[in-house]
Amino acid sequence: INGGMSISQRYGTTATTPAHEDYIIDRWESHLNQSSKFSVQRVADAPEGVGKYSSKITSLSAYTIQANDFFVYNQNIEGSNIDYLNFGASSAKTITLSFYVKSSLTGTFSVAIRNSAYNRSQVQEYTISSANTWERKSLTFAGDTSGTWLTTNGVGMRVHWSLGGGSTYYSASPGTWLATNDFHTSNAVNVVSTNAATWYITGVQVEVGTQATPFEYRSLGEELKLCQRYFQKYISPRLRGVIGSSSTAINRMGMSLITEMRANPSATWSGDQSIYDGGGTATITAIAAPYVDHVSFEMDATISGSLSNGSGACVCSYLDGNEATLSLDAEI
C-alpha cells in the first residue's frame with residue numbers, strides 16, 4: 001500500500017526526523033535504536049512510469065554502527081492481505097519483491113522479509129551500481145514453510161530495507177529462511193554511516209510468482225482510501241455530542257468515518273481547540289475513550305468555557321476561523 005509514496009497525510013513534504021516506529025509517509029515506518037541519525041521526506045522525484053513521488057532518506061551524521069544497532073525503513077503488511085500466500089505451510093507461495101532505488105552511495109545493500117514475531121527472516125542483497133541514478137531491483141523469495149505468519153488484522157509480514165545494522169542482525173545465510181531476527185549482511189552498506197548520504201525508494205510492490213511485473217499505479221483516490229484504513233486526518237471536523245450535566249464535558253462526541261479502520265484508533269487533537277454550539281464557545285482540554293464501530297468514531301471531551309445548550313444534544317463545530325486537526329491512528 002502506497003508503494004508509489006503518493007499519500008503523505010501526516011507531514012506532507014516536510015522532512016522529519018522519526019522516532020522508533022514512527023510513520024512519516026503513510027504505511028511506511030521507521031525502526032531505529034539511536035535517535036536523530038536520519039530524516040524521512042516525501043519528495044517529487046521518481047522514475048518514469050511510477051508516478052511523481054518517492055521517500056527520501058537523508059543521513060544526519062557519520063554514525064559508527066555498533067553490534068546491536070538497527071536502522072530500517074519498513075512496511076508492515078496486514079495479515080489479512082497475505083493469508084492467500086500460505087506462509088508457514090507446505091503450500092507457501094513464492095513471492096517477488098520489486099522496487100526502484102536511488103542513492104548517493106553505491107555497493108551492496110540488504111532487504112529482508114520477516115514475520116510479526118521477528119523469529120523468521122530471509123535477508124537478500126541487492127546492488128546499486130550508479131550513484132544518484134534510479135535503478136529497478138527485483139528479488140524472489142521462496143515461500144516460508146515454517147514459523148507463524150499471522151493472517152489476522154495484525155502484522156502478517158514485515159518488509160525491511162536496511163539503512164544500517166550491527167553484527168547482531170547479520171544473516172548467516174542470505175537467501176535462506178532462518179529462525180532469526182536478521183535484516184542485514186556483513187557486506188551491506190550502512191547509509192547512516194555517511195553524513196548527508198541520500199537513499200530514495202519508490203515503485204514498491206510484492207506479488208505472487210517469480211516475475212516482477214510493471215509497477216501497478218493506482219489513482220490518488222484509490223491509494224488514499226487504502227491508507228485511511230490505517231490513518232485518517234480530519235481538518236476542522238464537525239462532530240455531534242451531548243453536553244454533560246456539569247457543562248464541563250461533552251459525551252460521545254462523534255462523526256461518521258471516511259472508511260472502516262483496521263482497529264480501534266488512537267486519537268490526537270491538535271491545533272485550535274475551540275468549539276461552538278450556536279450560542280457559546282468552549283475549549284477542549286482533554287479527550288478520552290476514543291473508539292470506532294466500523295463506520296463511526298466517538299470520543300469524550302473535557303471542556304472549559306460556556307456552552308449555552310446545557311444538557312442535551314448539540315452540534316459542536318469548529319467554526320472560529322482556525323483549524324483543528326483530529327488524527328486517528330490504527331497503524332500496525
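Strand 5 (70–78), strand 6 (95–103), strand 10 (155–165), strand 11 (198–208) and helix 1 (220–227) each contribute at least two residues to the lining of the largest pocket. Strand 11 provides the largest share, five residues. The model is a predicted one. The volume of this pocket is about 750 Å³. Its lining is made up of 35 residues, and I1, Q75, I77, V206 and R218 are the ones nearest the centre. By residue class, the lining holds 18 nonpolar, eight polar and nine charged residues.

From the pocket we turn to the nonpolar cores. In soluble globular proteins, nonpolar side chains tend to be buried together. The largest nonpolar core here has 43 residues, and Y73, F99, Y126, M157, W161, L163 and W199 touch the most other members. At least two residues of this core come from each of strand 3 (38–43), strand 5, strand 6, strand 7 (107–114), strand 8 (121–128), strand 9 (135–141), strand 10 and strand 11. Another core lies apart from it and has 20 residues, including M253, W269, M299 and A301.

The charged side chains form a further set of contacts. Eight salt bridges are found in the whole structure. One of them joins R27 and E331, with an N to O distance of 2.4 Å. R27 sits in the loop between strand 1 (22–23) and strand 2 (29–32), while E331 belongs to the segment after strand 20 (324–329), so this pair ties together parts that are 304 residues apart in sequence. Both R27 and E331 are buried. These two residues are also part of a network of salt bridges that links R10, R27, D329 and E331.

A second pair is D45 and K102, whose closest N and O atoms are 2.6 Å apart. Because D45 lies in the loop between strand 3 and strand 4 (54–59) and K102 in strand 6, the bridge ties together parts 57 residues apart in sequence. D45 counts as partly exposed, at 23% relative accessibility, whereas K102 has a relative accessible area of 12% and is buried.

The salt bridge between R120 and D144 has its closest N and O atoms 2.8 Å apart. Here R120 is in the loop between strand 7 and strand 8, and D144 is in the loop between strand 9 and strand 10, so the pair ties together parts that are 24 residues apart in sequence. R120 is buried because its relative accessible area is 12%, under the 20% cut-off. D144 counts as buried too, at 1% relative accessibility.

Terms used: Residues are numbered from 1 along each chain as its sequence is written. This is a predicted model: local features need pLDDT of at least 70, side-chain atom pairs count only at pLDDT 80 or more; totals for chains, interfaces and linings use all residues. Side-chain values use heavy atoms; hydrogens and water are left out. On a 1 Å grid over the protein atoms alone, a cavity is a set of points where a 1.4 Å probe fits but cannot get out, and a pocket is an open set with protein on both sides within 12 Å along at least five of seven lines; lining residues have an atom within 4 Å of a point. Grid points are joined across faces, edges and corners, and a volume is the space filled by probe spheres set on the points. Helices (H or I, at least four residues) and strands (E, at least two) are DSSP runs, numbered from the N terminus. Ala, Val, Leu, Ile, Met, Phe, Trp, Tyr, Cys and Pro count as nonpolar, Asp, Glu, Lys and Arg as charged, and the others, Gly among them, as polar. A nonpolar core is a set of buried Ala, Val, Leu, Ile, Met, Phe, Trp, Tyr and Cys residues joined through side-chain atoms within 4.5 Å. Buried means under 20% relative accessible area, exposed over 50%, partly exposed in between (1.4 Å probe, protein chains only). A salt bridge is a side-chain nitrogen of Lys or Arg within 4 Å of a carboxyl oxygen of Asp or Glu.
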